[in-house]
Amino acid sequence: MIAKVNGTSITATDVEKEVTNIVAQYQGQMPPEQIESMMPNIKKQALETQINKIILVAEADAQSIQPTPEQVKEELDSVISRFPSETAFEEQLVKVGIPKTQIEDGIEQQIKINMLIGQSIAKEDITVTEDELTTFYQENPESFQAPEQVQAAHILFKFEENAPQSLKDQKRLEMAGILGRIEKGSDFGEMARAHSDCPSKEQGGDLGLFERGKMVKPFEDAAFNLNAGELSDIVESPFGYHLIKVLDKKEPETIQLEAAKNQLTDHLRQRKEQDLFIAYVDQLRAGAEIEYAGDTQ
């Protein structure tokens with residue numbers, strides 16, 4: 001036992017499951033060694049999350065809040081849809097040793113909590129004033145800077161990084177032929193549709209707008225060094241050879257308050273809802289009997 005809430009025990013296994021959920025959210029956003037250094041705090045967060053879940057579910061039960069079977073099924077179907085098939089989902093459950101009923105119970109509990117929180121927040125009058133919008137805008141200028149962006153199209157001839165040099169030479173020769181045809185007047189989009197190995201060929205090679213840090217560096221450097229309408233020489237990246245045409249270029253700019261108002265209003269409203277949620281949970285915790293084992297607090 002790690003802790004006890006109103007007589008309900010929380011075990012090390014319960015906490016480890018929550019740790020896995022939290023770590024999964026961080027993966028891809030930060031390096032593994034940074035996640036590892038955060039592990040003591042993650043374990044504390046996982047324990048407090050488990051405590052809050054028990055308290056919130058108990059309060060939902062006390063208020064007779066109960067999702068319908070249809071609501072549970074709808075959410076379960078949403079989870080299953082993330083897998084190639086329902087069979088693949090069930091095979092994964094067997095692999096990790098989790099019964100389907102446990103997933104359903106977890107979904108039911110989370111819907112209960114969401115309904116409880118929704119009801120508690122709905123009782124509050126959440127408004128965002130013009131003064132609050134102006135103050136946030138003035139105090140957070142870095143949040144309203146649109147970075148330099150490029151809209152580029154490309155033609156890609158793919159090859160693996162470890163491909164033999166003879167193949168690379170052949171691909172470069174073929175790409176040089178395409179470049180020559182475009183320089184003599186052939187339409188870049190048509191050439192992309194006919195010859196590119198990238199799925200963007202369906203859009204004439206158009207990759208849309210992107211900022212720095214979104215593309216591999218050789219491609220990014222070439223694209224951002226071109227002006228609108230200009231065509232690159234042959235560019236090599238880990239994906240292969242590219243021809244790049246810049247379709248549009250947007251310089252860095254400050255987003256005006258009026259243009260950001262709707263999105264900023266939603267952001268500040270969500271912050272107020274989060275503050276209300278924290279206050280509500282703290283209120284429920286104050287009336288709960290929470291016992292920690294050893295030095296887990």
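## Basis of the model

The model is predicted: local features need pLDDT of at least 70 and side-chain atom pairs count only at pLDDT 80 or more, while totals for chains, interfaces and linings use all residues. Residues are numbered from 1 along each chain as its sequence is written, and side-chain values use heavy atoms, with hydrogens and water left out.

## Overall form

The chain has 11 helices and 9 strands; helices (H or I, at least four residues) and strands (E, at least two) are DSSP runs, numbered from the N terminus. The radius of gyration is 27 Å, well over the 19 Å that the globule rule gives for 297 residues, so the chain is more spread out than a compact globule. This radius is taken over C-alpha atoms, and the rule is 2.2 Å times the number of residues to the power 0.38. Along the principal axes, the C-alpha atoms fill a box of roughly 80 × 55 × 40 Å.

Of the 297 residues, 33% are buried. Buried means under 20% relative accessible area, exposed over 50%, and partly exposed in between (1.4 Å probe, protein chains only). The accessible surface comes to about 18200 Å², with 48% of it belonging to carbon and sulfur atoms; areas come from the Shrake-Rupley method with a 1.4 Å probe, and for residues only the protein chains shown count as cover. Among contacts (heavy atoms within 4.5 Å) between residues at least 6 apart in sequence, 69% join residues at least 24 apart.

## Salt bridges

The structure holds 14 salt bridges, each a side-chain nitrogen of Lys or Arg within 4 Å of a carboxyl oxygen of Asp or Glu. One of them joins Lys 73 to Asp 77, with the closest N and O atoms 2.8 Å apart. These two residues are 4 residues apart in helix H4 (residues 69-80), and are therefore separated by about one helical turn. Asp 77 is partly exposed, at 35% relative accessible area. Glu 86, Glu 90 and Lys 100 are linked in a salt-bridge network.

Two further bridges run between helices H7 and H11. Lys 261 pairs with Glu 130 at 3.3 Å between the closest N and O atoms; Lys 261 is in helix H11 (residues 257-286) and Glu 130 in helix H7 (residues 130-139), 131 residues apart. Lys 272 pairs with Glu 132 at 3.0 Å, N to O. Lys 272 lies in helix H11 and Glu 132 in helix H7, so this pair ties together parts that are 140 residues apart in sequence. Lys 272 is partly exposed at 26% relative accessibility, as is Glu 132 at 30%.

## A buried lysine

Which side chain of opposite charge is nearest to Lys 168? Lys 168, in helix H8 (residues 165-183), is buried yet has no salt bridge, and the nearest such side chain, Glu 236, is 4.0 Å away. Lys and Arg count as positive and Asp and Glu as negative; His and the chain ends are not counted. Beyond its neighbours within four places in sequence, Lys 168 is in contact with residues including Phe 159, Glu 236 and Tyr 241.

## Positive phi angles

Most residues other than glycine have a negative phi. Asn 6 has a positive phi, near 50°. Asn 6 lies in the loop between strand E1 (3-5) and strand E2 (8-10), and is partly exposed at 48% relative accessible area.

Ser 64 also has a positive phi, of about 60°. Ser 64 lies in the loop between helix H3 (39-62) and H4, and is exposed at 64%.
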